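Subject: Structure handover

Hello,

Here is the structure for you to look at. Please open it first, then read my notes below.

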Amino acid sequence: SALGALPHDPNPVLEALADAFATLTQQGLYHHDELQPAMLRAAMVDLYRREVLAGGHARFVRTIIALGLGDVAVRHVVQGLRALKAEPYEILARSMAKWCKAHGHVEIPDEVTALDRLDIPFARLNRIAPLGVRVARWMAEHPDHVVIPDRHWKEALGHYCDDNVDRARRL
């Protein structure tokens, strides 16, 4: 089970989170504001974590622009980091949010010094206190999250998708 891997390996929980988020928004056609707020925040923080580690803050901003998430993602990253009590990460995310507010969510150049200077502190912080572990633990312990046994995972997500009363209209 994903939870059984904690605390040593957060990846199964993070993969389940990403899978649930993608399934609910792409197949269930839920809008972001219809998802459970803690799940949305955790998913956005994990997307932020993955994108920054893979290519920096500028990559994260490019990704959320491409996904049409812009302000939604930035707002939920900051709120999620606050909920996680991850203040050093929140400070970095607030700097990114400030840049995004000043420049909008449009195509950004290859080099963005204001965003690039956030990458080294993020990487150092992640070595000391890995953000993925914090997100996974928060998800596992959050009172609003339902633990679904692995053998029922796909079926349960299918039911959640089918439960969206607006799904047929949005197809």
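Leu-29 sits in the loop between α1 and α2. Helices here are DSSP runs (H or I, at least four residues), numbered from the N terminus. Leu-29 is not a glycine, yet its phi is positive, about 55 degrees. Leu-29 is also buried, at 17% relative accessible area. Buried means under 20% relative accessible area, exposed over 50%, and partly exposed in between (1.4 Å probe, protein chains only).

A word on the source: this is a predicted model, where local features need pLDDT of at least 70, side-chain atom pairs count only at pLDDT 80 or more, and totals for chains, interfaces and linings use all residues. Residues are numbered from 1 along each chain as its sequence is written, and side-chain values use heavy atoms, with hydrogens and water left out.

Gln-36 is in the loop between α1 and α2 too. Gln-36 is partly exposed, at 24%. Leaving out residues up to four places away in sequence, Gln-36 touches His-142, Asp-144 and His-145. Contact means heavy atoms within 4.5 Å.

Now the two helices. The axes of α1 (residues 11–27) and α2 come within 10 Å and cross at roughly 115 degrees. So α1 is roughly perpendicular to α2; that label covers 65 to 115 degrees, while under 35 is roughly parallel, over 145 roughly antiparallel and the rest oblique. Axes are lines fitted to C-alpha atoms, for helices over the stretch in contact, and angles run from 0 to 180 degrees between N-to-C directions.

Which residues meet there? From α1 they include Leu-14, Leu-17 and Phe-21; from α2, they include Met-39, Leu-40 and Arg-49.

Next, α5. This helix spans residues 87–103, 17 residues in total. From first C-alpha to last it reaches 24 Å, close to the 24 Å expected at 1.5 Å a residue. The expected span is 1.5 Å times one less than the number of residues. Among the buried residues of α5 are Tyr-89, Leu-92, Met-96 and Trp-99. What covers the buried residues includes α2 (37–55), α3 (57–66) and α4 (70–83). Just after α5, Gly-104 takes a positive phi of about 75 degrees.

Lys-85 lies in the loop between α4 and α5. Lys-85 has a positive phi of about 60 degrees, although it is not a glycine.

Best wishes
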